[in-house]
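Here is a short briefing on the spaces inside a protein model and the ligand that goes with it. Please take a look at the structure first, and then read on.

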Amino acid sequence: MIEIAILGFGTVGSGVAEVIDKNQKQILRDVPEGIHVKYILDLRDFPDSPYGDRVVHDISVIVNDPEVKIVCETMGGKNPAFAFSKSCLEAGKSVVTSNKELVDALGGELFMTAKEHSTSYLFEASVGGGIPILRPLRTSFSQEFITDIQGILNGTTNYILTKMERENLDFDTALKQAQDNGFAERNPEADIEGFDPCRKIAILASLVTGGNVKYGQVPCEGISKLDRRDLSYARAIGRAVKLLGVCEHSMETDEVYVRTAPYMVAKDHPLYAVNDVFNGILVRGNMVGDLMFYGSGAGKLPTASAVVSDVVECAQNPGKTINIGLTNQDAKLSDPGLKKEQFFVRADREAKEKAGMLFGAVTPVFLADAPEEFAFVTPVLSDAEFDEKKAQIPGFQKAIRLIG
Ligand code: HSE
């Protein structure tokens, strides 16, 4: 048996135990020795759980037990997850995690520690929940230059937008349902304000460029400023509003453009049809072209399944470091103000003439229940050019980027 420990017995941690228990047979095909949960670290006790007798409250029990070869860090947050992960790696144990906050902030350092100790640090579950995306990026795409990644990377906000659109739910009710279903972060601000997908696109951008992209460097906007009219306008122009993480890597300059924001997605774009809690990730390689990864981006068992996939890979590679392509170098970020795109604009109705003067002939869009305002789509402009013009629109309300 390969002995493992789980740090944090919350939604994902308990899911890891469940996947290992229920899918023993499947795991045995690739790990004939079998995988056994020896310890669960948590502040709480779980007297009614079948794992109750394995609960410990002191990380040193795990760190100092040479039988434990792999540690699943499913605690979330930076502290004490960082210190615990580091100690386990230094003790020669591989660490696998779903903790995107820690991976984004200190993943490079933890990977270097893993290298120094011939162990592995893997984090498939940190992006896209159950969708295999990091492993394909580092295996199937070794021969590719990845030019673009566009992803719906947050299940909660995709669920909220879908519910608002299809069932006419208000924002708070849709959020409550997402929380009841276990999709939302403990603090839903991370979902709603886009911090969670921002961390995920930063991780993806780091992996495709081989340089660190930190979440704090990425322009980030969530869905809290959207309202039902935005969704109605999107429908009126044949689009849907989705919260996307976007990464463009230039083959010429090696610079990378990264952003998280709501976008109006065209009907023929593959992400248009990604609804509910599902995530979708479009990857564009210079040789392979466009590939779509689609599946459950959040939730206990999908996320736990991805954690266990890393456990299995570590179990198959004892005593060595699985290369994930992270370095301690910073990525070359491009100036987001130079990025050219089209914008959907909402403004007070009296701004119609001025919009024409600023942007040329634009087609106005009206909603029957919004007589005081109108909307239009700009020509392709750089962010900086748009910012300058937008300041001159009387009664400017908001803008949403277009994609596809
Ligand atoms: N809160 C996240 C989401 C969980 O809704 O996608 C998975 O990271």
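Pro-80 sits in the loop that links strand E4 (68–73) to helix H4 (81–90); helices (H or I, at least four residues) and strands (E, at least two) are DSSP runs, numbered from the N terminus. This is a predicted model, where local features need pLDDT of at least 70, side-chain atom pairs count only at pLDDT 80 or more, and totals for chains, interfaces and linings use all residues. Residues are numbered from 1 along each chain as its sequence is written, and side-chain values use heavy atoms, with hydrogens and water left out.

**Backbone details**

- The peptide bond between Asn-79 and Pro-80 is cis, with omega at about 5°.
- Asn-168 is a residue other than glycine with a positive phi, near 60°.
- The loop between H7 and helix H8 (171–180) is where Asn-168 is found.

**Around the ligand**

- For Lys-200, a polar side-chain atom is 2.8 Å from an oxygen atom of the ligand.
- On its own the ligand has 250 Å² of accessible area, and the protein covers 93% of that (Shrake-Rupley method with a 1.4 Å probe; for residues, only the protein chains shown count as cover).

**The largest pocket**

- Rolling a probe the size of a water molecule over the atoms shows where empty space is left.
- On a 1 Å grid over the protein atoms alone, a cavity is a set of points where a 1.4 Å probe fits but cannot get out, while a pocket is an open set with protein on both sides within 12 Å along at least five of seven lines; lining residues have an atom within 4 Å of a point.
- The ligand takes up the space of the largest pocket (more than half of its atoms lie within 2 Å of the grid points).
- The largest pocket contains about 1200 Å³ of space; grid points are joined across faces, edges and corners, and a volume is the space filled by probe spheres set on the points.
- Its lining has 49 residues, and Thr-74, Met-75, Gly-76, Glu-185 and Arg-186 are the closest to the centre of the pocket.
- H10 supplies the largest share of this lining, four residues.

**Cavities**

- There are two cavities of 30 Å³ or more.
- The largest cavity has a volume of about 70 Å³, and its lining consists of Leu-122, Phe-123, Glu-124, Leu-134, Arg-138, Leu-207, Asp-310 and Ile-324.
- The second largest cavity holds about 50 Å³ of space, and H5 gives the most to its lining, with four residues.

Notes: A polar contact is a pair of N or O atoms within 3.5 Å; within protein, one must be able to donate a hydrogen and the other to accept it, and residues adjacent in sequence count only if both atoms are side-chain atoms.
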